[in-house]
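Welcome! Please take a moment to look over the sequence and the 3D structure before reading on.

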Amino acid sequence: MEFDIVIAGGGPAGLSFASALAGSGLRVAVVERQTENDLAAPGFDGREIALTHRSVAALRELGAWDHIPEEHVSAMREAQVLNGGSSYTMSFDPGRRTGEPLGYLVANHLIRRAVYLTATASPDVTLLSGASVSGVQTAEQGCEVRLADGRVLGARLVVAADTRFSELRRRQGIPAKMQDFGRVMMVCRVSHELEHDHVATEWFDYGQTIAMLPINGRASSFVLTLPAREMDTIMAMDEDAFSAEATRRYRCRLGEMRLISTRHAYPLVTVYAERFVGTRFALMGDAAVGMHPVTAHGFNFGLRGAASLARRVRVAAGKGGDIGAGPLLSSYEREHRLATFPTYAATNATARLYADERMPARLARDAVLRLGNLLPPFKRMISARLMEAGGRRVVVG
Ligand SMILES: Cc1cc2nc3c(=O)[nH]c(=O)nc-3n(C[C@H](O)[C@H](O)[C@H](O)COP(=O)(O)OP(=O)(O)OC[C@H]3O[C@@H](n4cnc5c(N)ncnc54)[C@H](O)[C@@H]3O)c2cc1C
């Protein structure tokens with residue numbers, strides 16, 4: 001089976017990349033462990049993805065945005081950050097005058113379904129679902145991708161989008177810096193008595209971190225971060241006990257809360273690959289940059305990387321050039337590193353500081369919030385990063 005490009009992993013990043021190559025005339029294979037049914041109708045996985053303006057525009061370009069029902073897109077008008085027991089708030093509401101939201105929340109399973117639909121609509125894309133990549137050999141002359149069922153695929157470029165714990169990255173001998181925060185993030189939906197007014201809240205409390213992400217109606221995504229042992233107890237609670245616990249932990253700020261979805265727990269491990277490319281080989285999505293979810297950038301970066309590599313590959317293909325050439329891949333690596341590393345490092349530093357409960361750190365946590373509020377250029381910079389508006393104004397609807 002001969003292809004131009006083989007993508008290992010049909011998650012949101014891999015399928016976005018495949019969609020971005022539609023119409024290029026290149027033969028693209030996506031190998032994904034999950035069955036076609038699971039890809040076509042993915043189940044709720046708890047994640048509500050905060051999309052920047054750039055990402056909404058990118059999904060529009062791919063045609064994926066049309067597959068996301070409008071009523072499932074929730075605007076995030078403002079973000080507030082709180083620390084410990086203090087009611088002092090740092091708020092980001094750059095659109096106060098223009099009415100433009102900070103970003104939009106869409107459930108991850110709806111994004112996965114949307115990019116599945118755009119990728120599979122293209123005759124250039126072959127989806128090999130229920131199949132697993134077990135080995136890759138890359139050389140200047142070409143690549144060989146082995147599947148666990150014995151099939152062998154030929155390609156001119158192999159792209160690994162196979163999770164932050166990427167097996168292909170390891171097999172290619174690419175080291176990655178990993179940071180285990182020793183905590184687990186639990187995500188689910190809750191309904192509540194009071195209105196959220198489309199304000200997202202990140203509360204770095206002592207002993208727990210809670211984010212409340214506004215969903216259309218009187219509902220939110222409840223995001224609780226705790227040490228793993230404590231989380232086991234929370235996950236084992238029945239619905240009523242959990243709802244009462246969530247209300248208590250959030251100090252009744254939104255009135256009584258009720259669990260209205262399944263609960264999902266994710267270990268907090270961040271990953272940054274030391275190299276993003278090798279001979280005829282590139283990392284994409286979480287396999288290249290596995291972000292801490294606190295600044296909500298993982299998929300936004302995955303989408304950006306997919307667009308960046310697809311653009312280069314399309315140009316090369318259009319000129320009859322080599323789509324896996326070293327300079328092309330190096331240029332993708334440079335751009336993606338520049339786009340992601342400052343935010344990756346700043347996010348990890350923030351997550352470390354706000355997980356530290358010793359007295360000097362408690363004082364620093366408070367000082368950062370107050371100083372941030374007093375420095376408009378700092379707030380503008382953070383807002384710009386959160387929104388990634390980049391001159392593009394996106395109107396949803
Ligand atoms: C709680 C939480 C909240 C988040 N919130 C946000 C947010 O607000 N904004 C944001 O931008 N990002 C957010 N993210 C990050 C976002 O979910 C990820 O960045 C994104 O899902 C990564 O997509 P991916 O395709 O790279 O990897 P994955 O989603 O991990 O998909 C990888 C795919 O590869 C397949 N695979 C693996 N190995 C093989 C193999 N050998 N052969 C075949 N297939 C293979 C897997 O089955 C899987 O389908 C959040 C993450 C979490 C955990």
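What follows is a short tour, from the overall fold to the ligand and then the core.

## The overall picture

Keep in mind as you look around that this is a predicted model. The protein chain is built from 11 helices and 21 strands. Along the principal axes, its C-alpha atoms fill a box of roughly 60 × 45 × 40 Å. The radius of gyration is 21 Å, which agrees with the value near 21 Å for a compact globule of 397 residues.

Of those 397 residues, 46% count as buried. Among contacts in the protein chain with a separation of 6 or more, 74% are between residues 24 or more positions apart.

## Around the ligand

Now turn to the ligand, which is surrounded by 33 residues. The closest are Gly-9, Gly-11, Gly-285, Ala-296 and Gly-298. By class, this shell holds 14 nonpolar, 13 polar and 6 charged residues.

Several elements supply at least two shell residues each: helix H1 (12–20), strands E2 (28–32), E3 (48–51) and E13 (176–192), and helix H8 (298–318). The largest share, 4 residues, comes from H8.

## The nonpolar core

The largest nonpolar core has 114 residues. Within this core, Ile-5, Val-6, Ile-7, Phe-17, Val-30, Val-158 and Met-284 touch the most other members. H8 gives the most to this core, with 7 residues.

Leaving aside residues up to four places away in sequence, Phe-17 touches Ile-7, Val-159, Ala-161, Met-284, Ala-306, Leu-309 and Ala-310.

Definitions and conventions:
Residues numbered from 1 in each chain as written. Predicted model: local features only at pLDDT ≥ 70, side-chain atom pairs only at ≥ 80, totals over all residues. Near = placed C-beta within 6 Å. Nonpolar A, V, L, I, M, F, W, Y, C, P; charged D, E, K, R; others polar. Core = buried A, V, L, I, M, F, W, Y, C linked by C-beta atoms within 7 Å. Buried ≥ 20, exposed ≤ 12 C-beta atoms within 10 Å, placed from the backbone. Contact = placed C-beta atoms within 7 Å. Rg over C-alpha atoms; globule rule 2.2 N^0.38 Å.
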